[in-house]
Amino acid sequence: MSSSISLSTILLGIFSSPNPNQHSTPIVPSHQHQYTNEKNISLVQEKRKKKAFSRREAIGFGFSLALLDALAQSNSTAIAAEEAQCALTISPSGLAFCDRVVGTGAEATKGQLIKAHYVGMLENGKVFDSSYSRGKPLTFRVGVGEVIKGWDQGILGGEGVPPMLAGGKRTLKLPPQLGYGMRGAGCKGGSCIIPPDSVLLFDVEFIGKA
């Protein structure tokens, strides 16, 4: 009869004997059992120590992340509060503006190709467009009617509005006549993304010439 290996004896580290009258022979000699057991116990203890250390590391790392998150939220709150305190100045044309960041670069000139990031909102705060979400600033020639009047005036300046400098960030509040007026924008099937006669808010970041 050919010899066979049973699953249970493999798990126990023992070969089964083909002869039922013959005692099973351990894989590891009997005089090494004590050494093996001591070594296994030592390995188990070492693993427990490492696990406990890893757990402490994880708790510490989690605390650090929580602290960073709290600091970030605090910073965001401070920025929001700073922006909320930015009082709008109303120009004779009806355009209201507020410089959140005054740029340090050159001002734009009429007809110049420039780049600007923006977020456009309705008066109720609903965002209808954002160049940030597209990951690409708007490129256009300023002051020649390629954009709505409020943008040309809000960036170039005039009628009581100072020109923006490259690197600056400005909030603009446009009355309907400097925005899309009675026609609105994005109208389809009786509804408009920008309803007629809407007051518009823009956060504009003047990057500089294109």
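Which backbone oxygen lies 2.7 Å from a polar atom of the side chain of R170? It is the backbone oxygen of G154, and the side chain of R170 also reaches the backbone oxygen of P162, at 2.8 Å. Polar contacts here are pairs of N or O atoms within 3.5 Å; within protein, one atom must be able to donate a hydrogen and the other to accept it, and residues adjacent in sequence count only if both atoms are side-chain atoms.

This is a predicted model, in which local features need pLDDT of at least 70 and side-chain atom pairs count only at pLDDT 80 or more, while totals for chains, interfaces and linings use all residues. Residues are numbered from 1 along each chain as its sequence is written, and side-chain values use heavy atoms, with hydrogens and water left out.

R170 lies in strand β8, residues 169-174, and counts as buried (under 20% relative accessible area, 1.4 Å probe, protein chains only) because its relative accessibility is 1%.

Rings of Phe, Tyr and Trp (its six-membered ring) pair if their centres lie within 6.5 Å, and planes over 60 degrees apart count as edge-to-face.

| Pair | Centre to centre | Between planes |
|---|---|---|
| Y118 and W151 | 5.2 Å | 85° |
| W151 and F202 | 5.6 Å | 90° |

W151 lies in helix α4 and F202 in strand β11, so their pair ties together parts that are 51 residues apart in sequence. Both W151 and F202 are buried.

Notes: Helix = DSSP H or I, 4+ residues; strand = E, 2+ residues; numbered from the N terminus. Buried < 20%, exposed > 50% of the residue type's maximum accessible area, 1.4 Å probe, protein only. Phe/Tyr/Trp six-rings, centres within 6.5 Å; stacked < 30°, edge-to-face > 60°.
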